[in-house]
Structures are given as C-alpha cells and as structure tokens.
Amino acid sequence: MQRGTTRLDAMETRPVSTTHSHILSCCMHFLDRKGSTPTVSIMDVGCGNGELLRFLASVLPRLYPHLNFDFFGFDICDHGVQKVDYWNKTIERLEKASPNRDWKSKLFLVSENDPWPFSDASFDIVLSNQVLEHVRSPDFFFQQLRRILKPDGFSVNLFPLRHCTWGGHLQMPLVHWFRDFRLMRMWINLCVSLSFGKFKPTPAGSSAEARRHFVEKHADYVHFYTNYMTADELAAVTKRNGLKLSFGWSHRFVWQKLLQLAGRTLVGAYPVPGWLSVFGAFATRSVTSVTVELSRSRKYREEAGSSGGTRTLAGDLSLSGAQQHGMGK
Ligand SMILES: C[S@@+](CC[C@H](N)C(=O)[O-])C[C@H]1O[C@@H](n2cnc3c(N)ncnc32)[C@H](O)[C@@H]1O
C-alpha cells in the first residue's frame with residue numbers, strides 16, 4: 001500500500017526535518033508488511049527534543065487507523081551533547097502536541113552506562129536519528145538495541161559515518177577525520193577563514209579572542225562528543241551483537257533532501273532495496289548520513305523462545321527497571 005504526498009499534506013503535519021519524512025517512509029515499509037498485530041510499539045533511542053516522536057505520533061495513527069501505536073523514547077543525562085535542561089522541555093513539547101498520550105510514563109532519562117530501561121523483546125520498531133555518531137560505546141548500544149527489539153522487529157538508524165566529508169554539526173568539511181587535536185584546531189581555524197561554519201566576527205577588538213574561543217570550543221565538541229564509525233567498524237560491531245545490517249535505503253535519503261530543496265516532501269512506503277541501492281549507499285556515505293536497517297531474525301539455528309538468545313547481565317538488570325516502569329512482560 002503506497003501512501004503519497006498529498007495525504008500527508010492533507011493532514012497538515014509537516015516534518016521539521018527531512019530525516020523525519022525519510023524515517024517515516026522506512027517505518028511504512030515495515031508496517032505495510034507486518035502481520036496482524038494490532039499494537040505497534042515504537043522506541044526512539046536518543047530522542048532529544050522529541051520532534052521525531054511528535055511527528056510520528058501525529059502521522060502514523062492517521063495513516064494506519066487499524067493499528068494502535070505505543071510511542072516511547074529515551075535519552076541519556078550524562079553525555080553532555082544536549083543542554084542541561086533539555087529533558088523537561090522535551091516532555092512539555094510532546095504533552096502539548098498530543099495531550100491524549102501519557103508521555104511521562106513513556107519517556108525515560110537514563111545514564112549512558114545504564115541498561116536501557118525496557119524488557120527484552122518489547123519493541124516492534126527501534127529508531128535512532130543522528131545519535132550513533134555520538135555513542136561512546138557502540139557495542140553496548142547494539143547489545144541493548146538487539147535485546148529490546150522483538151525477534152521479528154525492525155530497526156532503522158540514520159547517522160553519518162566517518163567516511164562523510166561534511167560535518168553537519170560545525171557546518172565544515174572533514175573536521176572529524178582528524179585524530180590529532182592540534183591539527184584539528186588548525187583545520188577549523190582555516191575553515192573559519194574560508195567562511196565555513198557559524199562563526200560571526202564581533203566588532204573590532206574582541207574578534208581574535210572570540211575566534212580562538214570558537215575554534216577551541218568546536219574542536220572540543222568534535223573530540224569529546226562525537227565518535228564516528230567506519231562502515232567496517234559498524235558492520236563488525238552489529239554482527240558481534242547478533243544483528244543483520246543493510247544500508248539499502250541510504251540513497252533514498254539523498255532523494256528526500258533533493259526533493260526538499262525543490263520544496264516537496266515525499267512520503268510513502270519504500271520498496272525493497274534493489275541492486276542500485278548497493279552503489280547508492282556507497283556513494284552517499286561520503287556526502288551525508290547513511291540509513292542502517294537492522295534486524296535480529298534468524299533462520300539458521302533459529303532462536304528459542306520469543307525473547308531469544310542468551311540472557312546477559314545487562315538484560316537482567318534492565319528487566320527490573322522495565323518492570324518498575326510497567327513495561328515488563
Ligand atoms: C544530535 S542529538 C539528536 C537528537 C534527536 N535524535 C534528534 O534527531 O533531534 C544526539 C542525541 O544522542 C543522544 N545520545 C548520545 N549518546 C547516546 C547513547 N549512548 N544512548 C542513547 N542516546 C545517546 C544525546 O543525548 C542526544 O540527545
């Protein structure tokens with residue numbers, strides 16, 4: 001079933017970012033193929049300001065009126081990439097946008113090293129948007145992702161790899177390629193000279209000092225708050241944690257961006273990725289975020305039981321947290 005642009009426009013719900021319409025189209029691919037389960041549970045990992053949740057909670061129930069959607073999100077309190085007081089604003093924003101949902105019981109703030117506070121195999125869809133380039137321990141992230149994903153569930157993750165030549169955070173090229181801090185600082189300084197980035201020279205006098213501060217602060221941000229993976233590192237860490245990976249829809253994100261430049265938003269279930277997507281993914285990883293689809297289903301030596309796999313210490317710990325929050329099964 002294809003659901004087109006006009007239908008979304010008619011709903012008067014516009015995505016605030018192309019990433020949102022792209023992720024919606026990925027979810028629609030999954031939902032159009034999903035069996036008859038009446039309730040679909042969706043988790044936005046590293047949900048930040050909650051805009052993606054707000055958008056999906058507004059659009060999906062109208063696109064799929066025969067399904068019930070249960071939306072959840074969580075973020076971490078001690079990474080430092082977000083402003084200190086962002087979480088209350090996230091809850092307020094979502095409560096204002098859809099007051100009929102009990103957001104306080106669906107949104108969680110945890111520590112970076114805490115097991116995610118949800119029981120095993122509890123989500124049909126697990127999403128993350130612009131999160132994985134910040135994650136300090138990808139092994140832990142994917143171990144937890146696999147644990148909370150249902151065996152027939154689906155995960156879509158949009159984020160830039162190390163191969164990407166453009167750094168969206170600083171609006172400068174190549175900064176995250178530097179391992180040497182001093183060289184990185186010199187590179188940012190050069191980029192500022194070439195008018196990349198958001199540095200605004202102040203009136204005479206304070207400008208040189210302001211520039212030094214800007215360069216140091218942004219170098220610190222990239223050094224301490226980002227952790228870009230290569231495609232090989234990503235393939236290895238997802239495999240190690242029992243997940244199957246595909247980059248199949250990466251090129252579609254580029255189409256979405258081009259359409260956005262033309263003032264259009266295209267929403268509709270993406271088709272099964274074809275051969276072209278192999279080359280598309282390879283080409284797009286140098287210019288923008290890749291789309292990583294993950295699943296945990298297995299045919300060879302099929303898993304026993306619905307939660308499947310080996311129980312880990314992290315899994316056991318998180319179960320008690322989840323039961324506390326009413327998510328225990
Ligand atoms: C650039 S923001 C993106 C926020 C949101 N997903 C969005 O699209 O606006 C990156 C987010 O990743 C979160 N984050 C960083 N490391 C994380 C981790 N290990 N687990 C979950 N979230 C993490 C940060 O707290 C932050 O909210």
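Reader: Where is the place of Asp152?

Author: Asp152 sits in strand S5, residues 149-159. Helices (H or I, at least four residues) and strands (E, at least two) are DSSP runs, numbered from the N terminus. This is a predicted model, in which local features need pLDDT of at least 70, side-chain atom pairs count only at pLDDT 80 or more, and totals for chains, interfaces and linings use all residues. Residues are numbered from 1 along each chain as its sequence is written.

Reader: What makes Asp152 partly exposed?

Author: A residue is buried if 20 or more other C-beta atoms lie within 10 Å of its own, exposed if 12 or fewer, and partly exposed in between, with C-beta atoms placed from the backbone. Asp152 has 15 other C-beta atoms within 10 Å, so it is partly exposed. The C-alpha atoms of Asp152 and Ser295 are separated by 7.4 Å, although the two are 143 residues apart along the chain.

Reader: Why does Lys198 count as exposed?

Author: Lys198 has 10 C-beta neighbours inside 10 Å, and therefore counts as exposed. Lys198 belongs to the loop between helix H6 (181-193) and helix H7 (207-225). From Lys198 to Phe214 is 16 residues in sequence and 9.3 Å in space, C-alpha to C-alpha.

Reader: And why is Pro15 called buried?

Author: Because 23 other C-beta atoms lie within 10 Å, Pro15 is buried. Its place is the loop between helix H1 (5-10) and helix H2 (18-33). Leaving aside residues up to four places away in sequence, Pro15 touches His20, Ser21, Phe55 and Thr265; touching here is a contact, with C-beta atoms, placed from the backbone, within 7 Å. Thr265 is 250 residues from Pro15 along the chain, yet their C-alpha atoms are separated by 8.4 Å.

Reader: What is the phi of Ala121, and is the residue buried or exposed?

Author: Phi of Ala121 is near 50°, a positive value in a residue other than glycine. Ala121 is buried, because 22 other C-beta atoms lie within 10 Å. You will find Ala121 in the loop between S3 and strand S4 (123-129).

Reader: What makes Gln130 partly exposed?

Author: Gln130 has 18 C-beta neighbours inside 10 Å, so it counts as partly exposed. Gln130 lies in the loop between S4 and helix H5 (138-148), and its phi, near 60°, is a positive value in a residue other than glycine.

Reader: Why do you call H5 mostly covered?

Author: Eight of the 11 residues of H5 are buried.

Reader: How do you know that the length of helix H4 agrees with its 12 residues?

Author: The expected span of a helix is 1.5 Å times one less than its number of residues. For H4, residues 86-97, this should give 16 Å, and the end C-alpha atoms are 17 Å apart, which agrees.

Reader: Which residues of H4 are buried, and what puts them on the same side?

Author: Trp87, Thr90 and Leu94 are the buried residues of H4. They cover an arc of only 55° around the axis (taken from the directions from the helix axis to the C-beta atoms), which puts them on the same side of H4. An α-helix has 3.6 residues a turn, so residues three or four places apart point the same way. The buried residues of H4 pack against helix H3 (51-63), strand S2 (68-76) and strand S3 (107-110). Asn88, Lys89, Glu92 and Lys96 are exposed on the other side of H4.

Reader: What makes up the largest nonpolar core?

Author: A nonpolar core is a set of buried Ala, Val, Leu, Ile, Met, Phe, Trp, Tyr and Cys residues joined through C-beta atoms within 7 Å. The largest has 58 residues, and Ile42, Leu56, Ile125 and Val126 have the most contacts inside it. H3 gives the most to this core, with eight residues. A second, separate core of nine residues includes Met172 and Val222.

Reader: Which residues are closest to the ligand?

Author: Of the 19 residues that surround the ligand, the closest are Gly46, Gly48, Asn129, Val131 and His134; a residue counts as near when its C-beta atom, placed from the backbone, lies within 6 Å. H3 and S2 are the elements that give two or more residues to this shell.

Terms used
Two residues are in contact if their C-beta atoms, placed from the backbone, lie within 7 Å.
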